[in-house]
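Reader: I have the sequence and the coordinates open. Could you walk me through the fold and a few of the residues?

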Amino acid sequence: MYVYGLVFLSSVFCLFFSQRVPSKFLSKALIIMSVIIPALLAGMRAVEVGTDTLAYKTVYFNPIKHISSFQELIVWTIEQEFEIGFVFWNYIIAKIFGNYQWFLFFSELFILCFVYKTLFLLKTKIDLNFGLLSYYLFF
């Protein structure tokens, strides 16, 4: 549990310092680090961590790894009555990387990009650091 706290605080501190450095390059680098740090944690965690991570791997990712064509994927998705967007996301990561840890990493990265985009759109109404910390502590 301490690892999560350390990662979340590191991410928030990177975002905090990104707003206070004079260099635009350094500011952007800190923002990128702020996103990458929690995504790395997601990608490196064991699949047994969490209540449903292993189930998603077993039900979605493993079968999708063995599907050989996009047409076969569509048929399988319809037969299983699964969400096409989530299945397609699994398919892309499975075919490019073939490893579920990469799926976890890119899924977290994808989610955090939208969280950051929203925080930056609302930065006149809410403090970025407080917003990010609130997001992390919500779960």
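Author: Leaving out residues up to four places away in sequence, Ser18 touches Ser27, Leu30 and Ile31; contact means heavy atoms within 4.5 Å. This is a predicted model, in which local features need pLDDT of at least 70 and side-chain atom pairs count only at pLDDT 80 or more, while totals for chains, interfaces and linings use all residues. Residues are numbered from 1 along each chain as its sequence is written, and side-chain values use heavy atoms, with hydrogens and water left out.

Reader: Where is Ser18 placed?

Author: Ser18 is in helix α1, residues 2–18. Helices (H or I, at least four residues) and strands (E, at least two) are DSSP runs, numbered from the N terminus.

Reader: Is Ser18 buried or exposed?

Author: Ser18 is buried, with a relative accessible area of 5%. Buried means under 20% relative accessible area, exposed over 50%, and partly exposed in between, with a 1.4 Å probe and protein chains only.

Reader: What does the side chain of Ser18 reach?

Author: The backbone oxygen of Leu15, at 2.6 Å. A polar contact is a pair of N or O atoms within 3.5 Å; within protein, one must be able to donate a hydrogen and the other to accept it, and residues adjacent in sequence count only if both atoms are side-chain atoms.

Reader: And Ser27, which helix is that in?

Author: Ser27 lies in α2. Ser27 is buried as well, at 14% relative accessible area. Beyond four places in sequence, Ser27 touches Ser18 and Val21. Its C-alpha atom is separated by 8.9 Å from that of Cys14, 13 residues apart along the chain.

Reader: Step back a bit. How many helices and strands are there in the chain?

Author: The protein chain has seven helices and zero strands. Its C-alpha atoms fill a box of roughly 50 × 30 × 25 Å, taken along the principal axes. Of the 139 residues, 33% are buried. Among contacts between residues at least 6 apart in sequence, 57% join residues at least 24 apart.

Reader: Which residues have the most contacts inside the largest nonpolar core?

Author: Tyr116, Leu132 and Tyr136, in a core of 16 residues. A nonpolar core is a set of buried Ala, Val, Leu, Ile, Met, Phe, Trp, Tyr and Cys residues joined through side-chain atoms within 4.5 Å. The elements giving two or more residues to this core are α1, α2 (24–44), α6 (100–121) and α7 (128–138). The largest share, six residues, comes from α6.

Reader: What does Tyr116 touch?

Author: Not counting residues up to four places away in sequence, Tyr116 touches Ser11, Leu15, Ile31, Ser34, Val35, Leu132 and Tyr136. Apart from this core lies another, of 14 residues, among them Tyr60, Phe61, Tyr91 and Phe103.

Reader: How do α2 and α6 pack?

Author: At an angle of about 145°, with their axes 8 Å apart. Axes are lines fitted to C-alpha atoms, for helices over the stretch in contact, and angles run from 0 to 180 degrees between N-to-C directions. The contact includes Ile31, Ser34 and Val35 of α2, and Leu112, Tyr116 and Phe120 of α6.

Reader: On to α7. Which of its residues are buried?

Author: Leu128, Asn129, Gly131, Leu132 and Tyr136. Seen down the axis of α7, these buried residues fall within an arc of 165°, so they line one face of the helix; the arc is that of the directions from the helix axis to the C-beta atoms. What covers the buried residues of α7 includes α1, α2 and α6. Phe130, Leu137 and Phe138, on the other side of α7, are exposed.

Reader: One backbone check: what is phi of Glu81?

Author: Phi of Glu81 is near 60°, a positive value in a residue other than glycine. Glu81 is found in the loop between α4 (70–80) and α5 (84–96), and counts as exposed at 72% relative accessibility.

Reader: Last one. What is Lys57 in contact with?

Author: Leaving aside neighbours within four places in sequence, Val47, Asn62, Pro63 and Tyr100. Lys57 is in helix α3, residues 53–65, and is partly exposed, with a relative accessible area of 24%.
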